[in-house]
Amino acid sequence: MIFPHPSHRNPLVFLVISSMVALAGCGPRTTPEITTESDVNRTRRTSDDQGLRVFGEIPAFTLTNQHGESFDRSNLDGKVWVATFIFTRCGATCPYQTAAFSELQQTLHRADELGPVELVSFTVDPEFDTPDVLAEYGTKANADFKHWHFLTGDRSTLWDLSKDAFKLDVQSGRDATNLITHSSLFVLVDQDSKIRGYYEGLSPEANEKLRDDISALLDERDPSRLERVTEISVPRDVRDPKWLQPRAEAQRALASGYEVTCDFQFSDDLSSSGITFTDKVVEDVKRDFKAAHYDHGTAVAVADVDQDGLLDIYFVCQLGSNELWRNLGGGKFENITESAGVAVADEVSTGASFADVDNDGDADLYVTRVRAANRLFLNDGKGKFEDVSERSGLDHVAHSSGAVFFDYDRDGLLDVLLTNVGKYTTQERGPGGYYLAYKAAFTGHLFPERAEPNILFRNLGGARFENVNDQVGFKDASWSGDATPIDGNDDGWPDIYLLSMQGHDQYFENQQGKGFVNKSRELFPASAWGSMGVKVFDFNRDRKLDLYVTDMHTDMVHDVAPEDEKKKMTRNLPVSMLGTDGNHILGNAFYLKSESDAYTEVSNEIGAENYWPWGISVADLNADGFEDVFIAASMSYDFRYGINSVLLNDHGKRFLDSEFILGIEPRAKGTAQPWMTLDCDGADAGHRLCKDRSGKLQVWTAIGSRSSVVFDLENDGDLDIVTNDFGGSPMVLTSNLTDKHAINYLRIELIGKQSNRDGLGCLVDVQLSDKNLIAVHDGKSGYLAQSRMPMYVGLGDATQADQITVTWPSGIVQTVEGPIQSNQKLTIVEDGETTK
C-alpha cells in the first residue's frame, strides 16, 4: 500500500450549500426568525446541567405526515425523539436546522440508533406546507421517512404545540393569518413523552451535547446497551458489494466461448482441513491505520518436512506465532509448530523460504523478520528443526522481506539473496512489541539514510554463509520486497531480477559466477514502480522463458472503479515523488522474451492487468500444457473489496479472466471479516470511528489475500491453492478437476549430485509429439515465499512424453528417453537413474 484513499466528502456541507441555493429567498419573509432570551437561557441551563432534567410533557396530538397519513403522539410512544419547527419557504435558519437534522440522522444510522430515536419536523406554515410539499422538502434533505417525520395540520394545533407543549417562544397570535414565529431550538423528548432538553440547532457544540444526551436516555432505559456490541462495515457496502454479482455473471457468460478447460471448480475446504491458523497484524495497520509497509502481509510456503510424501504448509504470522501444519493426507492437517520448533513468536515475521541448504536431502527453512535477526532452521529429516541462525551468518537484522535461494556460482551449494525494504519504522514500540511505522513511510526512498542494502550471501558449506556484495559487485539499495533468478542472456548462469516497490526494478547479469553487472535499463528500460510479485515461465511455449511482474503501488495513485480494473492507471505520481526518470509501466508488466537479452512488454495485449495485486503463483491449473496464474490481491481496512484473480492461459495467446468461473470468487467466506473491536466509552473514545458512537464497536472490513501457493494438496493429480489472508484465516481451495476430467500430467522430482541437492536452477524440457514444455525449477511459489516441491507439468491431451531433457546447474545435460507414461512421479537423479 502506498497512500490512503481520499477522505469522503462531508455530506453536511453539500446539504447546506444545496439547501441555501434551493431555498434562500424562495419564500415569504413576513415575520423575522426569533431566538428569544428565554430560549438562550434555557439552552445554557440544559447544556450546563450534569444530568437530564424534566421540563414538561408533550400532550397527545394528531397531525398529518408527509405521506398524507394521520400521525399522532402514540406513534412516538416508547421512543426517544427530537423535534424542531421549520417551514419549507424559510430562507434563514430553517435550511441550517434541516441540515443539522440530516447530519443527526446519519449519526444515528451509523450508531444503529435510528428507530429507537425518531426525528420530527413540525411546519409553522401549514397553509403552504402540504404533505406533498413536505415530502419533496424531505427528499431533498435525504430524509429516511421511516424515522424522520414532517408534520402539518391545523394552525391552532401547531400553535398550541409550539407555545404550550414545547414551551417555545411564539409572538404571533393563535388566530393570526401570518406565519407562526418559531425558534431554532431542538427539543429532546424521552420515551415517556417528557421534555428532557433544549439545544440551539445552529450550534455544533449544542448538537454534540444533544447526541450525548440521546445516548444517555437510551442507556437509562436499557442499561444492557452499555455492554452491547454494534457492528459497522467500512466501507459501508464491503459485506455486500453491489458490483460483484453483475461482474460474476458477465464473466461466467464468457465461459462458453473459452477454448480452454474451465468447467471445474475450487471449493474452500478450510473448515474440514483442520487448519485453524489466523494471521494477526500490528496495530499500525489494524486500529491505527498508517500507509506503511506492514500492510504488505506475510508468506505461505510448502515442503515435505518429514519426508512422508505429503507437502506440509508453513504460514507466516505478522504478530505472534508462525505455524507449521503437517499434511495427514485426505485433505487433513495437524499443527506441529511446537514440536518442530519453528514458531518464531517474537517480533514481526515476513517471508519463508524452504530449501536444502546443507545438501542432506531434507527441507530447511529460512524466516525473514522486521528489525530482528532472521532465522535459519536446519531439518533433521524428520520434521524437527534446529535454529542455527547465529552461526550460519544469515541472522541479518533489517526490514527484511523475501529471500531467494539459488546457486549463483554453480558450485553445488545454494546461495541466498536477501531483500530488505528500507527503514520504514521508528524507534518507538507499539502493542505486542513491534516498531511503530513512520507516518509517511512511503516517502522513505527519498531519504538516502533510510536505505538498506539487499544482500547476496554465498554458501560456504556446513550451513555457513558470507555477505559477498563487495566481492561480486552487487550494489543495490532498492526498496525491495522480493526477487527471482532469471537467465536473461541464456548463458546458463543465473542472473538476478530484483523488484523495487518504490522505484525501478533492477537486473543484474551474472558474470559466470565471478561478479554481477547492472544492465537494468538495457534490458528493461521501463519497469513498474511498485513491484510486488514476480515469476519466470514460458507463457506461449516457444521455449523462451518470459517474466511476469505484478505492480501494487501504482494502483494506489487514484481510485479505480471495479469495471476498470483491467485497465492500466491513467497517471502516475509526480516525478519528485517517484524519485526516478518517470519511465514506468502503469501497472503489471509482462516481458515476453524474443531472444537472448531481448524482451517486449505485452501486458495489455495479453490481458495481464489486474487490481491491487500482491504475489503471483504460476501453475497449470487445468493441466492443458500451458501455465496459468493465480494472483493474490485486494486491500483491507479501510478500502473496498478487491478480488483475487485467476488468469487461465489461452494456449499462449492471452490470459482469460476466470476467478468467478472457477469458483475462486466470490469467496465462500464472504468479502469482509471482523477486523477490530473498539471501546468507544474507554480507550478508543478518540478513534475516528467512535465519533458519535458509544459502547463496543465491531468493525468489519475487506478480506484481502497476500501470498499463495499452488500444489497438489490431496495427491489426487490436480492442483489446489492455499492463501495467507491478511489479518484473517487462510483459504484452502481444493480443485475438482480430476472429478470432471481424465487429465495427463507428470510430477518431476530432481536430485542434484554435482549440482545443489534440490536441483534449483535446472531447465527441464518435456518433449511431446507436437510441442516442448519448458520450465525452470526455481522454487518461487508466491509472494515472499519459496517452496520445496516437485515440478508439475500438465501434458494436455498427450498420454505420454517422448523425452525429457534436464540441463543441470553443473552444466550436465541429461536425457530421459520415452515413452514416459503420464500421471506418475519421476525422480531424476543428476547423471544417474530415473525412478518412476
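You are looking at a predicted model, in which local features need pLDDT of at least 70, side-chain atom pairs count only at pLDDT 80 or more, and totals for chains, interfaces and linings use all residues. Residues are numbered from 1 along each chain as its sequence is written, and side-chain values use heavy atoms, with hydrogens and water left out.

How much space lies in the second largest pocket? The answer is about 920 Å³. Of its 43 lining residues, H777, R788, M789, P790 and M791 are the closest to the centre. A pocket, on a 1 Å grid over the protein atoms alone, is an open set of points where a 1.4 Å probe fits, with protein on both sides within 12 Å along at least five of seven lines; lining residues have an atom within 4 Å of a point. Grid points are joined across faces, edges and corners, and the volume is the space filled by probe spheres set on the points.

Now follow the strands around this pocket. β44 (745-751) gives the largest share of the lining, 4 residues. Other strands that each supply at least two residues include β30 (531-537), β35 (613-619) and β49 (791-794). Strands (E, at least two residues) and helices (H or I, at least four) are DSSP runs, numbered from the N terminus. Domain 2 (243-737) and domain 3 (738-829) each contribute at least three residues to the lining; the domain bounds come from an automatic or database domain assignment.

Next, turn to the backbone. Where can you find cis peptide bonds? One joins Y637 and D638, with omega about -5°, and D638 sits in the loop between β36 (628-633) and β37 (645-649). Another runs from G818 to P819, with omega near 0°, and P819 belongs to strand β51 (residues 813-821).

Two further residues have a positive phi without being glycine. For E347, phi is about 65°, and this residue lies in the loop between α9 (337-340) and β15 (348-355). For R371, phi is near 55°, and its loop runs between β16 (364-370) and β17 (375-379). Is R371 buried or exposed? R371 is buried, because its relative accessible area is 19%, whereas E347 is partly exposed at 22%. Buried means under 20% relative accessible area, exposed over 50%, and partly exposed in between (1.4 Å probe, protein chains only).
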